[in-house]
Protein chains: 2
Amino acid sequence: MQSTKLIALDWGTTSLRAYRIGANGMAQEKRALPWGIMNLPPIGPGSDLRSGFDLALAEACGDWIEAAPQAAVIAAGMVGSAQGWKEARYLELPQTITDIGQQLTSVSHARGTLHIVPGLLQRGALPNVIRGEETQVVGALSELGQNEDVLIGLPGTHSKWVRVQDRRIVHFDTFMTGEVYAVLRRHTILGRTMLPTDHGDDASFERGARVAMSEQGQAGVLSTIFSSRTLGLTGELDGAAQPEYLSGLLIGHEIAALAATRRTTGLDPAPRIILIGDDQLCERYRKVLALHAMTTVNIAVAATERGLWQIASQAGLLP
Amino acid sequence: MQSTKLIALDWGTTSLRAYRIGANGMAQEKRALPWGIMNLPPIGPGSDLRSGFDLALAEACGDWIEAAPQAAVIAAGMVGSAQGWKEARYLELPQTITDIGQQLTSVSHARGTLHIVPGLLQRGALPNVIRGEETQVVGALSELGQNEDVLIGLPGTHSKWVRVQDRRIVHFDTFMTGEVYAVLRRHTILGRTMLPTDHGDDASFERGARVAMSEQGQAGVLSTIFSSRTLGLTGELDGAAQPEYLSGLLIGHEIAALAATRRTTGLDPAPRIILIGDDQLCERYRKVLALHAMTTVNIAVAATERGLWQIASQAGLLP
């Protein structure tokens with residue numbers, strides 16, 4: 001077991017992940033706790049800790065800090081939002097990925113200092129923000145050559161697509177695909193005819209993705225989603241197939257829009273792509289990307305830990 | 001007060017509206033009850049009525065039937081669905097509007113016969129259905145000349161756009177705009193920063209509609225809706241403005257898609273339009289249509305009653 005060189009935290013809205021990182025930059029131990037910033041542990045009356053943030057930090061890695069007091073502690077994610085421990089103000093695009101580590105925010109905790117990574121803000125007619133994903137992007141890029149242009153996809157509740165040119169983050173988009181899927185399924189008429197799915201129905205998933213890229217797909221998400229129900233009414237899609245179809249439809253609209261805006265703005269229609277996220281979800285995205293002839297796709301591993309290590313290195317926090 | 005020539009029902013999922021219609025084809029009395037087909041009244045143990053449908057009918061218009069036993073009783077809406085009183089099977093497109101009345105379904109009730117109007121089905125890669133709206137379309141068209149082509153919009157929970165050529169219904173589309181707006185506001189992160197609105201903020205509504213038709217709007221609904229939140233983060237849209245903005249955005253995407261598919265299929269980009277529905281909602285749609293240079297817009301009055309009267313006339317149910 002390697003000794004501790006960095007204690008790194010991925011601290012979001014609903015969960016807190018902690019990584020004890022050794023001299024090789026790899027996680028030696030990992031922990032996951034439910035102490036997201038909207039779900040902090042209650043402080044007992046006799047505690048000497050000042051806040052739920054302090055207590056959550058102590059529970060996540062108090063023993064690591066005690067055993068390696070010289071190791072820096074760094075965090076990315078919503079812990080740096082206005083609702084977090086201390087606001088780490090957004091940096092505006094474009095942003096060189098090696099500069100992010102120069103702009104950390106510090107907050108004192110019971111046993112030292114926590115360094116917080118800032119999120120990124122893209123101004124414009126439709127502003128966009130990321131917080132936490134910038135760190136994963138840095139991690140995914142740590143394995144690439146110096147000047148490679150790449151499109152980084154982070155599928156999830158809110159999918160993010162980040163464009164990197166010459167190691168500068170120049171643009172990103174957000175698609176609320178995951179959250180919209182969940183509410184359509186749980187709270188609209190579309191869910192009423194759906195049955196549980198085992199996520200193995202590739203044909204229905206692909207059917208949805210192809211509808212989104214077809215001429216009919218031009219009617220847009222608000223219109224095409226209704227077909228999840230009507231294909232059931234006409235006996236073409238049973239209840240278990242409908243969730244898969246809807247998933248394919250929504251991811252299909254996301255990728256179709258991404259491809260269309262790249263064409264409109266004269267960008268390479270088949271860029272090098274790196275996906276970061278849940279393996280199964282990344283595979284679903286990879287299938288839809290392939291339908292759009294985007295086939296140079298890699299799935300990043302351990303992007304969060306790598307990113308926190310890189311940023312700590314940029315900040316001079318490593319021994 | 002005119003004597004009763006027809007008793008007409010608009011019987012949906014959550015409500016039941018009854019109209020007592022006189023010799024001039026106009027409603028002499030109107031009633032609204034909560035007895036939609038998913039919310040029928042319970043039958044008491046001593047009742048001689050066979051079902052909640054019978055009881056709801058008796059409460060809605062039992063006295064009218066008793067006073068005018070010669071008047072036919074006709075109903076449109078979900079009462080004719082598979083979950084309704086008796087299924088009135090969908091008629092397939094194209095469908096001449098004067099033929100709908102030839103294809104009613106009958107069901108016996110405690111005091112006679114109820115005639116039920118069938119819904120319409122459009123087959124194809126993405127099937128589409130309407131049930132109830134076909135009657136409103138017939139009503140709205142009753143005032144038009146014989147051969148006028150027209151696009152009929154029925155904004156609501158599920159907006160329907162019905163294309164009529166030579167008095168034949170040739171195509172229709174569904175947009176789940178109203179339902180999607182409601183779930184985005186109630187159940188997603190977008191709602192968290194929203195405050196109640198008085199629906200008077202035209203500027204924010206129009207801003208959303210213009211985003212949908214702009215180059216940024218090409219990213220599609222899944223992407224643009226996130227700006228309702230980020231424009232709040234950057235201080236450009238306060239909490240009370242966000243619901244209006246989101247409403248403009250969604251209706252804007254609906255109309256933009258409608259306009260785009262008309263262009264793609266070579267249809268008149270500025271057709272004659274009739275809107276049917278809630279007055280305030282129709283006004284919102286009229287504003288967005290105007291942004292798309294669709295300015296020949298009328299709002300139909302009493303389309304349901306007129307439609308039921310027309311269909312009853314086609315069916316030979318009028319004295």
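User: What are the ground rules for numbering and confidence?

Analyst: Residues are numbered from 1 along each chain as its sequence is written, and chains are lettered from A and ligands numbered from 1 in the order in which they are written. The model is predicted: local features need pLDDT of at least 70, side-chain atom pairs count only at pLDDT 80 or more, and totals for chains, interfaces and linings use all residues.

User: How many residues of chain B are in contact with chain A?

Analyst: Contact means C-beta atoms, placed from the backbone, within 7 Å. Here 40 residues of chain B are in contact with 40 residues of chain A. Helices (H or I, at least four residues) and strands (E, at least two) are DSSP runs, numbered from the N terminus. Elements giving two or more residues to this side of chain B include strand E13 (168-175) and helix H8 (241-264). H8(B) gives the most, with seven residues.

User: Is helix H10 of chain B mostly covered or uncovered?

Analyst: Buried means 20 or more other C-beta atoms within 10 Å of the residue's own; exposed means 12 or fewer; partly exposed lies in between. In H10(B), 10 of its 12 residues are buried, among them Trp309(B) and Ala312(B). The cover includes strand E1 (6-11) and helix H2 (133-141) of chain B.

User: What follows H10(B)?

Analyst: Just after H10(B), Gly316(B) takes a positive phi of about 75 degrees.

Definitions and conventions. Contact = placed C-beta atoms within 7 Å.
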